[in-house]
Amino acid sequence: MAGEAVSREKVLEELQKLAFGNCGDVVKLAFWKDADVSRLGKLDLRALAGLHSAANGGVELRLIDRARLIELLLEATAEQAGAGDAVGGLISAMNGAANRLSAGAAQYERDAPPGGWETPEAET
């Protein structure tokens, strides 16, 4: 894709894949026990924003912000269709919900014990 011009449609298509795609492979990665790492390349990890291995053997995964991606898609759709107040109202409602979720996540991080939250061991 290097050197190629990227069309608006292609960008919107990729945003849709991220916003509405399956995160199952990210969950598989969290519990990966297979010694054959060559299979890792077949996993769809586009939704993965961050990965952290804890000292206790736990794994912390951060996923992309789907609410923000949906907001971007709605804005692009509104621009394209010349939509009016209905989409603007939906975007405002989504912004409010995202802000409340973000505030809850920040509180969750502040409440974390000094070593972080414990992750249960995966059953094999």
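## Basis of the model

Helices (H or I, at least four residues) and strands (E, at least two) are DSSP runs, numbered from the N terminus. This is a predicted model, in which local features need pLDDT of at least 70 and side-chain atom pairs count only at pLDDT 80 or more, while totals for chains, interfaces and linings use all residues. Residues are numbered from 1 along each chain as its sequence is written, and side-chain values use heavy atoms, with hydrogens and water left out.

Side chains of opposite charge can pair when their charged atoms come close. A salt bridge here is a side-chain nitrogen of Lys or Arg within 4 Å of a carboxyl oxygen of Asp or Glu. The structure holds seven of them.

Glutamate 14 pairs with lysine 17, with the closest N and O atoms 3.3 Å apart. Both residues lie in helix 1 (residues 8-20). They are three residues apart, about one turn of the helix. Glutamate 14 is partly exposed at 26% relative accessibility; the term covers values between buried (under 20% relative accessible area) and exposed (over 50%), using a 1.4 Å probe and protein chains only. Lysine 17 is also partly exposed, at 36%.

Arginine 46 is partly exposed at 41%, and aspartate 44 is partly exposed at 29%. A network of salt bridges links Lys10, Glu13, Glu14, Lys17, Asp44 and Arg46.

## The strand hairpin

Strand 1 and strand 2 (residues 59-63) run antiparallel and are joined by five bridges. Two strands pair if DSSP finds at least two bridges between them. Histidine 52 has glutamate 60, in strand 2, as its bridge partner.

The two strands form a hairpin with five residues between them. In the turn, glycine 57 has a positive phi of about 95°.
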